[in-house]
Amino acid sequence: MLAKNGRTGARGAEDVRAVAARDTDAVPAPDDAALLKMLYYMKLTRSLEFRIEKRLYRQGKIVGGVYVGRGQEAISVGAAMHIRRGGGETFDDIVSPSHRDMAVFLMQGVPPERILAQYMGRATGLTRGKDGNMHMGDLRHRLVAFISHLGDSIPVAAGCALTFRQHGTDQVSFCFFGEGATSRGDWHEGVNFAAVQRLPVVFVCNNNQYAYSTHVTRQMRVKCVSDRASGYGIPGESTDGNDVFAVYAAVGRAAARARRGEGPSLLEFVTFRMTGHSAHDDAGYVPKAQFEEWERKDPIPRFQEALLRRRLVDGAALREMESRIEAELDEAVAWAEKQPFPDPQECLSDVYHDG
Amino acid sequence: MSAVHKGQRRAPAKRRPAAGAQPPPLEPLRNPGLTREQLLVMHRRLRQNRMLEEKLSALYRQGKIVGGLYSSLGQEAISVGSAYALAPGDLLAPMIRNIGSLLVRGVPPLSLFLQFLARRDAPTGGKDGTLHFDDLGRSIIGPISVLGTLIPVMTGAALAARNRGEDRVALTYIGEGGTSTGDFHEGLNLAAVLNLPLVLVVENNGYAYSTPAHRQFAVASLAARGPAYGVASESVDGTDVLAVYGATRRAAERGRSGGGPTLLECRAFRRRGHAEHDDMWYVPKEIVAAWEKRDPIDRFETFLVDEGHATRKDLRSVEAALADELEEAAQAALASPYPAPEETLKDVYAGNE
């Protein structure tokens, strides 16, 4: 029995309020090239995940589970725009994505074909066939491998930020997780440590309202994940996660605070998991009306319409972008399918660090 | 990598000044409606708590105490005020600095001496030398040494009571250091979501072993954590036994009437080391001196005398009577046997009688 505690059940993006956004730093609006880049990565992510979840998985070509971020692409893309890279070890930021942040991998430079090879368990996947889904990372791309135990990546991200501070650089550690992870002890320990040490971390929460089958109202008694920020003495902000402009601005503010040495921020982006927990889950426990409601708030059509209104793109340009993406992915799938499975001899390689 | 691409180097972050473990502003004690008899019971428990620990400290120095000894000097009002505010059936889980809570619940000093001296007739039969025991007949759930871990246990106890239709509040304690543990978070969050009658008393005593509070959390008061869980919270002067009593009473009533958990911060100071072996050289002497002037028992005795509930002479005779009782209990415990070696494995696993 869930006792009444004065809440009003599921909430839409409309009534999300900005909580305690402490500074009014205006983040420069993204320029045209940045807008087109965001649209490209949102669409590329959507298509790549569609192929993995709806085609390759059903064809039996995917080795492990499939966890997609359909409907949440604006969060990964809007946030990853602020991850600084291209300058080496004392310049590049670091990022710990969650299992629903495919776009972060792509934007950090992991090509789609290597992600496909990963899902198919091939020797050229990021884990060389040792894992069949999102438990991958690559420090050359400044990606900390996703840890399956939700919440465990938070202290790791705080630790990365501690090294930045010890080295005296202005690098930032970006850390992604869902609202379910915020109930975990590791999450609390990591956020508290980052707050006490004033570490340069941007905590990005995708509140997609379901942790597997647990609704957010059974996960926390507060209305917003960002309400938790006050308990740590750090700024918290809650934003519409299906509005890529809003995501871009909120993460930009938090990254600037972190870079200035003003410590971590907790950002909540309200969105919806437009699929089951994973490809095997039909999400029968989610009311159909909720899917329909959030389908209408799909971040990609919303963003496209905004760009059409600005006349940055027209119908022909969108179609051109889409066919370019499909061609890229056709090629990537073909490449991945031709990749060898790992040699059985390699079972134990890379399992332990060999010094 | 060319130099222009190098990230900016930043001056190291300035260390913030210590949050200052200074006592909160001094407010006069106010009677929340207790009778003279009740006030005198609380006084007796406070004094008993302190004198019992003084006696244990003496035994420790004589090499007679087997385990560690964790003093609650200066924090007695938290244990006594909070435990006294509960109803007899409420579930109480003390931590290692809550010997006063056990005394309020009626645990006899003899049991406590036996326990610290690891004798056969002690609550754990000589298997543990500190407060790690429970007494379900008195609705006492035993402390878990790993700090924070008792909180989800008490959340579970509150849930069990509610599922059985019992009207029981669950109260436990944690230090400010324990609030940084994951178990604190998971236990309080679940109690909040399930709207359970949990009273979580945070004894902010300034230091978690040698870690000062300002290196433990970045909020001015731990009551700020309440809204982060969607629960009621309050911060009181932990050297004011009546304030602790009143706040616990409100929290328990809130839980009983379906208002969910309460996070109650009580501010006091650990005036001795983490344990008896620790000389706490790391604590600035002026902080200890400031808190010595805020002694909870002195404050309460002054209140009792000023309000005409007792004379100084009455209070000294209480002390004298307690001294005799404690001496007698200590001697009885010292004369009692150690457990037989054959009993080593008894009670270690359930059913292994």
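These are my notebook entries on two chains of a predicted model.

**Ground rules.** Residues count from 1 along each chain as its sequence is written, while chains are lettered from A and ligands numbered from 1 in the order in which they are written. Because the model is predicted, I kept in mind that local features need pLDDT of at least 70 and side-chain atom pairs count only at pLDDT 80 or more, whereas totals for chains, interfaces and linings use all residues.

**Chain A, the sheet.** I looked up the strand order and found an open sheet of 5 strands, E1-E2-E3-E7-E6, with parallel pairing. Strands here are DSSP E runs of at least two residues, helices are H or I runs of at least four, and both are numbered from the N terminus; two strands pair if DSSP finds at least two bridges between them. I noted E1 (94-96) and E6 (236-240) of chain A as the edge strands. Next I checked E3 (residues 201-207) against E7 (residues 265-270) of chain A, and they share 6 bridges. In that pair, Val202(A) stands opposite Ser265(A).

**Chain B, overall.** I counted 11 helices and 7 strands in chain B. Its radius of gyration (over C-alpha atoms) is 21 Å, close to the 20 Å from the globule rule (2.2 Å times the number of residues to the power 0.38), so chain B is as compact as a globular protein of 353 residues.

**Chain B, a strand pair.** I then followed E6 (residues 232-237) and E7 (residues 262-267) of chain B, which run parallel and are joined by 6 bridges. Asp237(B) has Arg267(B) as its bridge partner.
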